[in-house]
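Open the model in your viewer and keep the selection panel at hand.

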Amino acid sequence: MKVFVLGGDGFCGWPTSLHLSDLGHQITIIDNLSRRNIDNELEAGSLTPIRPMGTRLKAWREERGRDIAFYNLDIAKNYHRLLTLIQTEQPDAVVHFAEQRAAPYSMKSAYHKRYTVNNNLNATHNVLCAIVESGLDIHLAHLGTMGVYGYGTAGMKIPEGYLPIEVTTDDGDKVRQEILYPANPGSIYHLTKTQDQLFFAYYAKNDGVRITDLHQGIVWGTNTRETLLNEKLINRFDYDGDYGTVLNRFLMQAAVGYPLTVHGTGGQTRAFIHIQDTVRCIQLALENPPERGERVKILNQMTETHRVRDLAQLVSEITGAKIAFVNNPRKEDAENDLHVRNDLFLDLGLNPTTLSQGLLGEVTNIAKRYAHRADLERIPCTSVWTRDQHAGVPKPRMPEPTS
């Protein structure tokens with residue numbers, strides 16, 4: 001299969017590209033290297049050393065004897081270059097990771113909100129337009145987020161995209177149908193993902209584009225089997241307050257002797273998935289595309305749910321790190337339950353990777369190995385959600401490192 005991976009230089013895109021290449025697919029990465037530029041902006045690079053793209057691709061060729069093509073291209077701005085590539089290369093599938101992925105980053109300022117909206121929505125819409133204009137029957141697999149649902153479950157398991165409803169007409173008849181599960185975004189980033197859903201529903205209905213939308217939980221872990229082959233292939237490890245996912249951030253904080261910063265009560269329940277399962281899910285999605293004319297296939301890409309304070313306690317017990325409860329910069333409920341269905345991936349053969357001390361230890365070892373690269377001042381989350389916070393209400397109180 002010939003596959004374009006948009007955003008293939010990122011935390012999920014890079015290991016996915018290697019995984020699909022190792023399976024024998026012909027991979028082309030399209031990326032404008034924006035995540036590397038954001039590192040420069042935030043002055044908080046990956047804990048692990050990320051090599052230049054040319055070095056990465058050469059190392060992969062040496063390890064596996066496989067070539068991955070790369071184009072430095074901003075798909076949100078350069079529509080005709082994207083269209084030309086699609087028309088020339090004629091991919092069978094496009095995997096779409098090319099969106100700004102951090103909720104805190106999207107809330108930093110008006111600039112960051114506008115950048116996230118402009119980048120994410122234009123990228124998604126340009127891909128859809130290019131697929132239609134090319135006239136090719138291309139399967140689009142998009143990495144979405146569980147956050148489109150919000151985090152209230154109304155006492156039920158969140159379904160995979162669609163909610164069955166029953167409406168009583170004026171004549172008393174019962175009308176049954178399925179609608180997209182009501183969106184409840186918690187940040188500008190999540191808002192763009194809810195808009196993606198509407199783009200997909202429209203283009204599947206109007207133009208017959210085959211689309212799979214993967215609503216992913218929080219990713220933890222760093223490496224996959226492929227990225228472990230050579231240090232030049234190593235994956236990102238974000239630990240800063242904007243991009244560091246909560247469990248990885250806890251493990252890194254423990255490795256450098258920094259108290260585990262739990263926002264609010266830590267009663268937020270979130271869905272999680274290991275990075276190895278992420279790449280496996282992308283593979284399964286590509287191997288099981290919807291038929292042309294079908295509605296968007298939506299799958300919940302997660303394997304388990306945990307409360308944040310429980311994760312902090314687990315990491316504390318393993319590492320001896322202290323826990324510090326700090327003010328929550330987000331506008332969200334202090335406590336929530338979360339029950340999620342993921343039947344479709346289980347039916348496709350996913351054997352979920354769940355939290356274990358072994359895997360947590362693996363991530364901790366990575367954090368310890370590269371701890372000298374950490375800038376402790378970048379650990380706290382300083383992005384806030386409301387105008388009052390920006391105007392002077394105290395931002396999250398942060399603890400002092402213990403070492």
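**Salt bridges, then a helix pair**

Select R56: its relative accessible area is 0%, so R56 is buried. This is a predicted model. D9 sits in the loop between β1 (2–6) and α1 (13–22), and R56 in helix α3 (residues 53–64), so the pair ties together parts 47 residues apart in sequence. D9 is also buried, at 4% relative accessibility.

Next, select R378 and E43. They form a salt bridge, with the closest N and O atoms 3.1 Å apart. R378 is in the loop between α12 (357–369) and α13 (387–391), E43 in the loop between α2 (34–42) and α3; 335 residues separate them. R378 is partly exposed at 26% relative accessible area, while E43 is exposed at 55%.

Move to D137 and R292, a salt bridge with closest N and O atoms 3.5 Å apart. D137 lies in the loop between α6 and β5 (139–145), R292 in the loop between α9 (275–287) and β12 (297–301). Then select R35, D39, R101, R236 and D238: salt bridges with shared partners join them into one network. The structure holds 25 salt bridges.

Last stop: α4 (residues 79–89) and α6 (residues 110–134). They pack at about 45°, axes 9 Å apart. That angle makes α4 oblique to α6. The crossing is right-handed. Show Y79, L82, L83, I86 and Q87 in α4; they meet N126, V127, C129, A130, E133 and S134 in α6. By class, this contact has seven nonpolar, three polar and one charged residues.

Notes
Residues are numbered from 1 along each chain as its sequence is written. This is a predicted model: local features need pLDDT of at least 70, side-chain atom pairs count only at pLDDT 80 or more; totals for chains, interfaces and linings use all residues. Side-chain values use heavy atoms; hydrogens and water are left out. Axes are lines fitted to C-alpha atoms, for helices over the stretch in contact, and angles run from 0 to 180 degrees between N-to-C directions. Helices (H or I, at least four residues) and strands (E, at least two) are DSSP runs, numbered from the N terminus. Angles under 35 degrees count as roughly parallel, over 145 as roughly antiparallel, 65 to 115 as roughly perpendicular and the rest as oblique. A crossing is left-handed if the near helix is turned anticlockwise from the far one by less than a right angle, and right-handed if clockwise. Contact means heavy atoms within 4.5 Å. Ala, Val, Leu, Ile, Met, Phe, Trp, Tyr, Cys and Pro count as nonpolar, Asp, Glu, Lys and Arg as charged, and the others, Gly among them, as polar. A salt bridge is a side-chain nitrogen of Lys or Arg within 4 Å of a carboxyl oxygen of Asp or Glu. Buried means under 20% relative accessible area, exposed over 50%, partly exposed in between (1.4 Å probe, protein chains only).
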